[in-house]
Amino acid sequence: MSGNTSNEDSLVFIDPQSGFEIRPWPASRDGEAATILADSTGEGTSEAGHRAIDEARAEAPDRVFGGLMSGQLVGVYTLRRDGMANRIGNIAVAKNHRRRGIGRALLQDALRRSGRRPLVAETDEEGLGFYKACGFKIVGRRKHPSGTVRYRIGWHAPGLRFKGGSTNSLTHKPVKDQ
Ligand SMILES: CC(C)(COP(=O)(O)OP(=O)(O)OC[C@H]1O[C@@H](n2cnc3c(N)ncnc32)[C@H](O)[C@@H]1OP(=O)(O)O)[C@@H](O)C(=O)NCCC(=O)NCCS
């Protein structure tokens, strides 16, 4: 367990054109976040949303992020640690704000905060279209005991993937003096 706050975690993202903001969400307002996150849980209840938030905060206090439009909370995600990677724990956008790019902006925010860590997520068939539309690739799949298929999907920060190579093959070639 790590309680460290990194610089990336405390950053606030602001889109100057729309005024849309993404910021670390204060625990004192977890009730609002839980209501929105409800739809990202199998149960669809704000209690389940609360559990998702509590699990993320148990890892570190600053693992919950809120997207605000004109000061109103319209989207939430949790960012979990998963080995060397970061994982989207849960993500949801308020019903009347969907399909306007907010979900994508939240994923991009998670990618930005992940720095060099790969960003991964797990989803069922239903959520797959959204993640794929945002640039995630399937890296694995497994059959859940319930019979549904769960996909493990991943996204690397732009610039870290090279054609025909892995991040391990990156080398820094110093520019020779002229
Ligand atoms: C999934 C969810 C977060 C998407 O948020 P959103 O703000 O509507 O998504 P965006 O508008 O940013 O969409 C980004 C891209 O994903 C696509 N997309 C969004 N929802 C989709 C869906 N249900 N199926 C397929 N594609 C979808 C959009 O068409 C868009 O692609 P495009 O630009 O090529 O058209 C939102 O629908 C939601 O909260 N759902 C309930 C919770 C949930 O299912 N969470 C995800 C699994 S845990």
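In which strand does I153 lie? Select I153 and you'll land in strand β8. Before moving on, two bits of housekeeping. Residues are numbered from 1 along each chain as its sequence is written. The model is predicted, so local features need pLDDT of at least 70 and side-chain atom pairs count only at pLDDT 80 or more, while totals for chains, interfaces and linings use all residues.

**Stop 1: around I153**

Is I153 buried or exposed? I153 counts as buried because it has 22 C-beta neighbours inside 10 Å. (Buried means 20 or more other C-beta atoms within 10 Å of a residue's own, exposed means 12 or fewer, and partly exposed is in between; C-beta atoms are placed from the backbone.) Now show the residues that I153 contacts beyond its neighbours within four places in sequence: V120, A121, T123, Y131, F136, K137, I138 and V139. Contact here means C-beta atoms, placed from the backbone, within 7 Å.

**Stop 2**

Select 137-143 for β7 and 149-155 for β8; the two strands pair antiparallel over six bridges. Strands are DSSP E runs of at least two residues, helices are H or I runs of at least four, and both are numbered from the N terminus. Pairing takes at least two DSSP bridges between two strands. Look for R142, which stands opposite R150 in β8. Five residues separate the strands of this hairpin, and G147 in the turn has a positive phi of about 100°. How many buried residues does β7 have? Zero among its seven.

**Stop 3**

Jump to 13-14 (β1) and 21-24 (β2), antiparallel strands joined by two bridges. I14 has E21 as its bridge partner in β2. There are six residues between these hairpin strands, with G19 in the turn at a positive phi of about 80°. On β3 (64-69), which pairs antiparallel with β2 over four bridges, E21 finds its partner in L68.

**Stop 4: the ligand**

Show the 19 residues surrounding the ligand; the closest are R98, G103, G127, G129 and A133. Colour β5 (85-93), α4 (102-114) and α5 (125-133), each of which supplies at least two residues of the shell.

**Zoom out**

The protein chain has five helices and eight strands, and 28% of its 178 residues are buried.

Definitions and conventions:
Near = placed C-beta within 6 Å. Contact = placed C-beta atoms within 7 Å.
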